[in-house]
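Biologist: I'd like to go through some of the labels on this one with you. Can we put it on the screen?

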Amino acid sequence: MKQPVEWPSYRPQVIEPKWQRTWEEQGLYLARESGDKPKFYCLDFFPYPSGDGLHVGHCRNYVPTDILSRYKRMNGFNVLHPMGWDAFGEPAENYAVRFGVHPRQTTDQNTATFRRQMTLIGASYDWSREIDSSRPEFYRWTQYFFLLLYQRGLAYRDMNWQWWCPVCQTTLSSHEVAGGVCWRGHSGIARREIPAWYFKITAYADELITGLDTVDWPEPIKLMQRNWIGRSEGCQIIFHTSDGQPAPVFTTRPDTVFGATFFVLAPEHPLVEALTSPEQRQQVRAYVDQAARQSEVERMVESRPKTGVFTGGYVTNPLNDERVPVWVADYVLPGYGTGAVMGVPAHDQRDFEFARQYGLPVRVVIAPPAGGSLDGNAWTEAYPGEGALVNSGPYDGLTSSAAMRRIGEDLQARRAGGPQVTYRMRDWLISRQRYWGTPIPIVHCEHCGEQPLRADQLPVLLPPMDNFQPDGSGRSPLARLPEFVHTSCPRCGGPAQQETDTMGGFACSSWYFLRFTSPHETAAPFDPQAVRYWMPVDLYVGGAEHAVLHLLYARFWTKVMADAGLVPFREPFGKLLNQGQLLGADGVRMSKSRRNVITPDSMVESYGADALRVYEMFMAPFDQDIAWSAEGMNGARRFLNRLWALFGETYLPSSQADGEDANLLRLTHKTIRRVSERIEGFRFNTMVSTLMEFVNALTERQRSGAWKSASYHQALETLLVLLAPLAPHIAEELWQLTGHASSVHQQNWPAWDASLASDQMVQVPIQVDGKLRDVVEMAVDASADEARELVFSRPKIQPYLADRQVAQVFYVPGKVFNIVTK
């Protein structure tokens, strides 16, 4: 095929849908399993189809993974890059309520919109593997995994105090409440005593910590998970009431036990009522009622005044037989430790403030350094450090560490406690009193009690229901459907009642990544052979807001499956990356209420999908927050126009090209190396700048007339292949216009010659506000973007930029890099 006599104009609104249809018809992006190629499983976080569609902020997640997936295919990998919908749960149901329609209808409408928009931006998903968690063919297997957990003693029902959201009208797990609001942003969260279903995630607490050492995840995400699990080593110390009831506490400082001058119970503790004397009952009950109206977040604020009430009761310290007065105070929480603490005011600041508030004695049992006073009543603050024990009977003179060991051993010998490990994390509350969710496969029989269904009785279908909204009773709307509730017992065959709570949406997202490997499997949740081939996920990309919730739950389920022999691995996601947030032009998060939402539809209509992709990748480093700029879109479109014009003015068939350009040959190989390294490293902004510099260099040669060499022709061909992952439509169109029959996306990724691609390196001094702070080695011709990326990542430079704003950057290639702050 020859170059057209008249070069056509660049019309992305015509060429982009044309190639999208062609790629789909050709099955270009279908994932295939074959033993002669390496595999690469690239996955985006499971999106909620609970809105009107995507905005351009979502492209910062979906375009980078698309670029990498295209790049990997061109490098000879079998690539699995699927998409589906996390369609069950409160987000989808609340959206349907807002519009007064059934969630089935809104879910189908929204998923169709999402799918259309993802195709619109050129995302190369394998749509033959699309899944929807609200379909029976999917949630049948969510119920299957519930039964697996139940059979392994990891799912149970219990009556407990739970978070209740008055807007969502359902219980919430402790993981879903933060800052006094639920995870959907609703305030007014309070505790209710409600029967609920739990998954025993605490049984895997230690492995959920140690497993983090085996995955390539951002350190802040790992730290968040470790802190959430909250492993603490210490001692259990069992105090006793006057009638012999145990009152255990957990402490990380057993060396301070002789300093306990009072004992504090959380208002919700079951011993409060038993230990309250008749004279104190009215005052204690009033205090307990008041505490129930406060959130745990409010109660945890360190600066708030400490309040409490004496119960009139006492417990006995097991190591010195001292009677200690029992108080009830809201700074002790029921969900942490045992809901009781020993008050050691000399060595804990909270206890010190409480003791000062109520005139309780302050007994020093750890000598402060430098000969400080041992009269705790004269102190102005607690001494929380370690040291030599005093006023501690047989343990006097021991160091804190030695005393901790001895006291732990003695407690164990007396059967009054001993060394213990505890966790901040609590079991995962999974049940919801809502309609739009996976029904729980349990029935309640009057004779047999709680009974799990058999696997061959699945799925428990979610019935159609017009009036699906909660009625404020605290029961699931499904409880109002007699035809759903009344069933038979799988054990005795007698009448029974179907469990009416549904599972929270995080159950679905705890295993969906496995279903993508064989989404049409009907005899099992997944084909074991497909899972062995594709899993674990090689790259998982999404927002950092799921650091504790989804990621922790998915890891837990995977470990349970591994122990059950269902999967041959224990961590589902080998590498994790979190994208930065794209803010509105006003610098705040895009939302309809702020009227700052930009849709991909409007950008594609005005500029084209490739321009949108180029701008979103060029605007900032992948993990950096950035505000939207209309001018940036104009710049991206101008770049593509220059690219189009370059081919129209200079492309020659290879038979007409002659001669070599050694400098251009070196630049071509450097460009191949740099683009490859930047895609692999998710440094898409410098990848784009590298391509722009390459286009500029070719344009300069075109203007000077030096464009008829074989090197120039090869550079143009290479440019299209390098451009294909970023701007797939224009690359494909230009590839076809320049005489190629097959798709540019089926070409092999170009290799570079190391001797040609190597950079000449120089030492460049880095100055901050005119002072030399570091020296870095970089390519003599490193671009401003490349130099900035390298300099700002230097550990020696980062402290000088902390809490400062960069005002200007001055860069002289190969000479100096100067940062000016304000």
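Biologist: Where is Pro536 found?

Modeller: Pro536 is in the loop between helix H15 (528-534) and strand E25 (539-542). Helices (H or I, at least four residues) and strands (E, at least two) are DSSP runs, numbered from the N terminus. Before we go on: this is a predicted model, where local features need pLDDT of at least 70, side-chain atom pairs count only at pLDDT 80 or more, and totals for chains, interfaces and linings use all residues. Residues are numbered from 1 along each chain as its sequence is written, and side-chain values use heavy atoms, with hydrogens and water left out.

Biologist: What kind of peptide bond joins Met535 and Pro536?

Modeller: A cis one, with omega about -5 degrees. Another cis bond runs from Leu458 to Pro459, with omega near 0 degrees. Pro459 sits in the loop between strand E21 (449-452) and helix H13 (482-485).

Biologist: Why is Arg415 called exposed?

Modeller: Exposed means over 50% relative accessible area, buried under 20%, and partly exposed in between (1.4 Å probe, protein chains only). Arg415 has 77%, so the label is exposed. Arg415 also has a positive phi of about 55 degrees, although it is not a glycine.

Biologist: What makes Asp769 partly exposed?

Modeller: Its relative accessible area is 34%, so Asp769 falls in the in-between class. Asp769 is in the loop between strand E29 (761-768) and strand E30 (771-779), and its phi is near 55 degrees, a positive value in a residue other than glycine.

Biologist: How do you know that E29 and E30 pair?

Modeller: Two strands pair if DSSP finds at least two bridges between them. Here 8 bridges join E29 to E30, so they pair, and they run antiparallel. One of the bridges links Pro765 to Val775 in E30.

Biologist: Why are E30 and E31 called edge strands?

Modeller: The open sheet has 4 strands in the order E30-E29-E32-E31, with mixed pairing. E30 and strand E31 (806-812) each have a single partner strand, so one side of each is left without a neighbour in the sheet.

Biologist: And what makes Thr261 buried?

Modeller: Its relative accessible area is 6%, so Thr261 is under the buried cut-off. The Thr261 side chain also reaches the backbone oxygen of Pro361 at 2.8 Å, which means that it meets the distance limit for a polar contact (a pair of N or O atoms within 3.5 Å; within protein, one must be able to donate a hydrogen and the other to accept it, and residues adjacent in sequence count only if both atoms are side-chain atoms).
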